[in-house]
Amino acid sequence: MSIYENLKKYSASESIPMHMPGHKRNTLLLPDYAIDITEIPGFDNLHHAEGIIKESMDRAASIYGTLSTHYVINGSTAAIQAAIHASVKAGSRLLMARNCHRSVYNECIIRNIEPVYIYPENGIITPDSVKYAINNNPDVSALIITSPTYDGYVSDVGAIYDLCKAAGITFIVDEAHGAHLPFAARAFEQGFMKENIFPHSAIGHADIVIQSVHKTLPAMTQTALLHRCTDKISYREINKTLSYYQSSSPSYVLMASIEQAIEYTVSNPELFEIFSENLKRVYEFADSQAKGLLCPGGFGRDLSKIVIDVRNLPMTGGQIYDILKDRFGIVSEMYTDDTCILICTICDSADAFDRIEDALRYLAPYVNGNIASPVSINEYPERRRKYHLSYAVTLDSAPVDINKAGELIANGRELVLKEMITAYPPGFPLAVPGEILDIDLIERLKAAASVGREIYGFENNKLEVIYG
């Protein structure tokens with residue numbers, strides 16, 4: 001019997017819950033309270049799974065084809081930090097893509113790990129850049145990259161994994177935005193799709209793969225999976241490090257949501273053919289009626305992330321966001337200076353894609369015809385670093401107005417960042433503690449603020465800096 005079935009059975013019983021949580025399964029407050037329980041006998045324990053949770057995770061592993069698959073209820077953030085903790089010793093060095101999620105940087109701060117950056121090219125980490133980094137940093141024990149990125153760019157994980165394997169280092173892939181990819185491949189292999197328009201998952205091409213179930217599958221927010229694809233890191237070690245970053249009272253509702261999302265998706269492979277046909281018609285319309293309006297798909301990018309290229313329009317990303325919301329009832333995932341991003345899944349209806357097509361039809365006359373080069377939200381220049389991440393956050397600092405900061409820098413004053421500067425979404429830092437503030441970053445922050453972007457670490461036009 002599944003986690004969810006056990007929870008439903010217990011909620012239907014007349015037993016009086018003299019245990020946590022405090023709502024006591026009172027469905028008058030919220031219907032989901034009926035199945036929200038704590039670790040009582042017969043319901044297993046995520047941190048030492050031996051019963052129904054272990055059976056459920058084993059079932060997931062058999063579906064994904066992994067050595068083990070672990071349920072994570074603190075999001076991919078916890079899974080990423082646990083994977084790094086299991087792979088990299090405190091005080092050592094980590095190879096990482098510069099466009100990694102802020103959780104990677106947080107782990108570096110917490111455990112005094114020195115990041116060694118690999119910079120993306122058009123949103124992608126190339127095998128050549130990985131080879132160069134490995135050859136010049138023989139002391140690293142792991143590499144972590146993000147693939148797909150928030151806007152759908154996918155790196156050649158197979159080639160990168162071969163390089164890591166040859167060097168004896170652990171390869172971790174943050175595939176938070178690719179939870180749907182293994183199921184698309186499975187649907188194609190089973191004959192439910194005429195063609196697989198989606199990139200391949202990193203599962204089978206990495207040691208550890210992390211997926212946010214809630215991002216692209218029908219699961220509740222905060223749900224994730226950590227896939228152990230090889231025996232490079234042991235089951236025991238991963239289970240132990242996951243316990244460091246997850247609540248000691250894991251949510252059964254979230255675990256049931258993970259389980260149900262997997263079962264629903266694997267049981268309905270025909271949805272991927274419907275999904276792919278809907279996506280194709282949107283891209284075909286854009287290609288014929290509004291060339292340059294959407295970033296293209298193909299190998300290297302996931303079509304399910306519909307990216308409107310604002311550079312070809314006389315509008316800002318924020319204005320596009322408002323047009324889609326106010327005129328067409330479409331609430332986009334996010335916008336940047338250059339893009340407006342829509343995340344599509346198998347749960348989107350034909351009507352949803354009709355609305356997207358209507359919105360593109362509305363925007364088509366505004367396309368300026370000067371088709372720009374492919375756009376990525378992942379491009380940031382290399383910044384000079386004065387202090388180690390974990391050291392910088394311990395130093396005395398003071399807030400400075402961004403305009404005043406520009407004047408100080410112009411007069412030769414060195415200002416070093418104390419806090420992480422992160423656009424959210426997507427959640428990867430524009431700059432990190434210990435890096436030297438420069439005019440480029442100041443201009444980027446001003447531009448982001450002018451179009452209403454939310455920037456963590458940049459509030460009230462001020463930055464926290466260490467005076468050099």
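User: How do the residues of the lining of the largest cavity divide into nonpolar, polar and charged?

Analyst: The model is a predicted one. Rolling a probe the size of a water molecule over the atoms shows where empty space is left. In this structure, the lining of the largest cavity comprises 4 nonpolar and 4 polar residues, with no charged ones. The residues concerned are Leu46, His47, Met57, His70, Tyr71, Asn239, Leu242 and Gln246.

User: What volume does the largest cavity have, and which elements each supply at least two residues of its lining?

Analyst: The volume of the largest cavity is about 50 Å³. At least two lining residues each come from strand E1 (68-72) and helix H9 (235-245). The count of cavities of 30 Å³ or more is 1.

User: How much space lies in the largest pocket, and which residues are the closest to its centre?

Analyst: A pocket, unlike a cavity, is open. Here the largest pocket holds about 540 Å³ of space. Its lining has 27 residues, of which His101, Tyr150, His177, Lys215 and Tyr424 are the closest to the centre. Helix H3 (75-87) and helix H8 (213-216) are the elements that give two or more residues to this lining. The largest share, 4 residues, is contributed by H3. By class, the lining of the largest pocket contains 9 nonpolar, 14 polar and 4 charged residues.

User: H3 also packs with helix H4. At what angle do H3 and H4 pack, and how far apart are their axes?

Analyst: The angle between H3 and H4 (residues 102-110) is about 45 degrees, and their axes lie 9 Å apart. H3 and H4 are therefore oblique to each other. Their crossing is right-handed. On the H3 side the contact is made by Thr77, Ile80, Gln81, Ile84 and His85, and on the H4 side by Ser103, Val104, Asn106, Glu107 and Ile110. These divide into 4 nonpolar, 5 polar and 1 charged.

User: Why is helix H15 described as roughly antiparallel to helix H16?

Analyst: An angle over 145 degrees counts as roughly antiparallel. H15 (residues 402-410) and H16 (residues 439-450) pack at about 160 degrees, with their axes 10 Å apart, which makes H15 roughly antiparallel to H16. The crossing of these two helices is left-handed.

User: Which residues make the contact between H15 and H16?

Analyst: H15 provides Ile402, Asn403, Ala405, Gly406 and Ile409, while H16 provides Ile439, Ile442, Leu445 and Lys446. By class, the contact of H15 with H16 has 6 nonpolar residues, 2 polar and 1 charged.

Key:
Residues numbered from 1 in each chain as written. Predicted model: local features only at pLDDT ≥ 70, side-chain atom pairs only at ≥ 80, totals over all residues. Heavy atoms only, no water. 1 Å grid on protein atoms, 1.4 Å probe; cavity = no way out; pocket = protein on both sides within 12 Å on 5 of 7 lines; lining within 4 Å. Points joined across faces, edges and corners; volume = space filled by probe spheres on them. Nonpolar A, V, L, I, M, F, W, Y, C, P; charged D, E, K, R; others polar. Axes fitted to C-alpha atoms, helices over the stretch in contact; angles between N-to-C directions. Parallel < 35°, antiparallel > 145°, perpendicular 65-115°, else oblique. Left-handed = near helix turned anticlockwise from the far one by under 90°. Contact = heavy atoms within 4.5 Å.
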